[in-house]
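Please read these points with the sequence and the model open beside you. Each point takes up one topic.

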Amino acid sequence: MSENITIIGIESSCDDTSAAVIRNGVMLSNVIAGQAVHTRYGGVVPELASRAHQQNIIPVVHDALVQAGIDKKELTAIAFTRGPGLLGSLLVGTSFAKGFSQALNIPLVDVNHLQGHVLAHFISQGKENEKFPSFPFLCLLVSGGNSQIVLVRNYLDMEVIGQTIDDAAGEAFDKCAKVMGLPYPGGPHVDRLAKKGNPNAFKLNKPHLQGYDYSFSGLKTSFLYLLRDEIRKSPDFVQENMADLCASLQATIIDILMKKLRKAADDLNIKQVAVAGGVSANSGLRDAFHQHAEKYGWEIFIPPFAFTTDNAAMIAITGYYKYLKGEFCSIEEVPYARVSNLLA
Ligand code: KG4
């Protein structure tokens, strides 16, 4: 029997510290420590995030090894998120990964966080009848910082064919939620409240962009102006219309996302379509995927909730495929805050 390939993934790009162990593509553990410290500021405070990562990283890595039931000497390689993300946060995970690989004398594999979100679809949990996408497929990658359509030709061959020119879909959820007085991050609150509202109650702006690019700033402004004008007439407007406002906002964001995705799927004649990133937890977006599967014959891939937000299992699986190709990273490499059009 061939030798085990056991990868530990380390993720620290934003406000979640995570470590996960994957053996031969099967997840053995995935430990995530969130950072409640940001809630009172209405957004992630970079310096506080770096400090919390420093406190969390060692216990999180320890727990990931314990839950996987392995000793650190059994590790084959260390995979870490090199970018994009907050530089101070990335530095914590990167420095830890470098030190750990030196101490264990095993290879270091750098991972693009966005590529990790896409490859989360290939994490095996060791269950029967697991279904993975085949190539090529399209992945709608929607999070707090990104909204992209990715053409996935192979594990390590991906191209961003469309992306937002301003705000991300998650940002649109969060910023509109904030003006309604909802806590941060607002996406899950909008999702919950939208279930009781009428999605056609309010008409909001939709962009008219060519190609596969997105824009959400016009929608955000139209939402803000709607609230400003209506509150002038009736100060309790938001409270009285909360569910309808959430439902209309959510429906508009989903409509914008699905229209471009449909266009890309049609143009490229691709029927396998996946969704990834924090916003893929949205119940309305998940429903829209199921409706598209029925109406257009798509084979859809929706990640389990644990893999929608930032997690190290997706970093470990990406590290696994890079390890198989011998794509290692030198100790000299530094984190990056932004990325180019190719996910590599
Ligand atoms: O991928 P992610 O965890 O990390 C960042 O990009 O930072 O995505 C976080 C985003 C936030 O904007 C959050 O509001 C959004 O995902 N989100 C949701 C839902 N759950 C998380 N948006 C809409 N509906 C949800 N159920």
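1. N24 sits in the loop between β2 (17-23) and β3 (26-33). Helices (H or I, at least four residues) and strands (E, at least two) are DSSP runs, numbered from the N terminus. The phi of N24 is positive, near 50 degrees, although the residue is not a glycine. With a relative accessibility of 33%, N24 counts as partly exposed; buried means under 20% relative accessible area, exposed over 50%, and partly exposed in between, using a 1.4 Å probe and protein chains only.

2. This is a predicted model, in which local features need pLDDT of at least 70 and side-chain atom pairs count only at pLDDT 80 or more, while totals for chains, interfaces and linings use all residues. Residues are numbered from 1 along each chain as its sequence is written, and side-chain values use heavy atoms, with hydrogens and water left out.

3. N105 also deserves a look. N105 has a positive phi of about 55 degrees and is not a glycine. Its place is the loop between α2 and β5 (108-112). N105 is exposed, because its relative accessible area is 69%.

4. One joins G83 and P84, with omega about -10 degrees; P84 belongs to the loop between β4 (77-83) and α2. Another runs from Y184 to P185, with omega near -10 degrees, and P185 is in the loop between α4 and α5.

5. Which residues does S89 contact, leaving aside its neighbours within four places in sequence? They are S12, S13, C14, A49, S50 and H53, where contact means heavy atoms within 4.5 Å. S89 is part of helix α2 (residues 87-104) and is buried, at 1% relative accessible area.

6. S50 belongs to helix α1 (residues 46-68) and is buried, with 7% relative accessibility. Not counting residues up to four places away in sequence, S50 touches G88, S89 and V92. S50 and Q272 are 222 residues apart in sequence, and their C-alpha atoms are 38 Å apart in space.

7. The domain assignment gives domain 1 (6-128 + 307-324) and domain 2 (137-304); such bounds come from an automatic or database domain assignment. The C-alpha centres of domain 1 and domain 2 are 27 Å apart. Their contact takes 17 residues from domain 1 and 24 residues from domain 2.

8. Where does the ligand lie relative to domain 1 and domain 2? Both domains give residues to the shell around the ligand, so the ligand lies between them. Of the 18 residues around the ligand, G144, D174, D191, G278 and N282 come nearest; a residue is near a molecule if one of its heavy atoms lies within 4 Å of it. The shell divides into five nonpolar, ten polar and three charged residues.

9. For G145 the distance is 3.4 Å, for G170 it is 3.3 Å, and for G187 it is 3.2 Å. The protein covers 86% of the 550 Å² of accessible area that the ligand has on its own; accessible areas come from the Shrake-Rupley method with a 1.4 Å probe.

10. Helices α4 and α5 each supply at least two residues of the ligand shell. In α5 (residues 187-194), the buried residues are G187, V190, D191, L193 and A194. These pack against α4 (169-179), α7 (237-268) and α8 (283-296).

Key:
Polar contact = N/O pair within 3.5 Å; in protein donor to acceptor, adjacent residues only side chain to side chain. Nonpolar A, V, L, I, M, F, W, Y, C, P; charged D, E, K, R; others polar.
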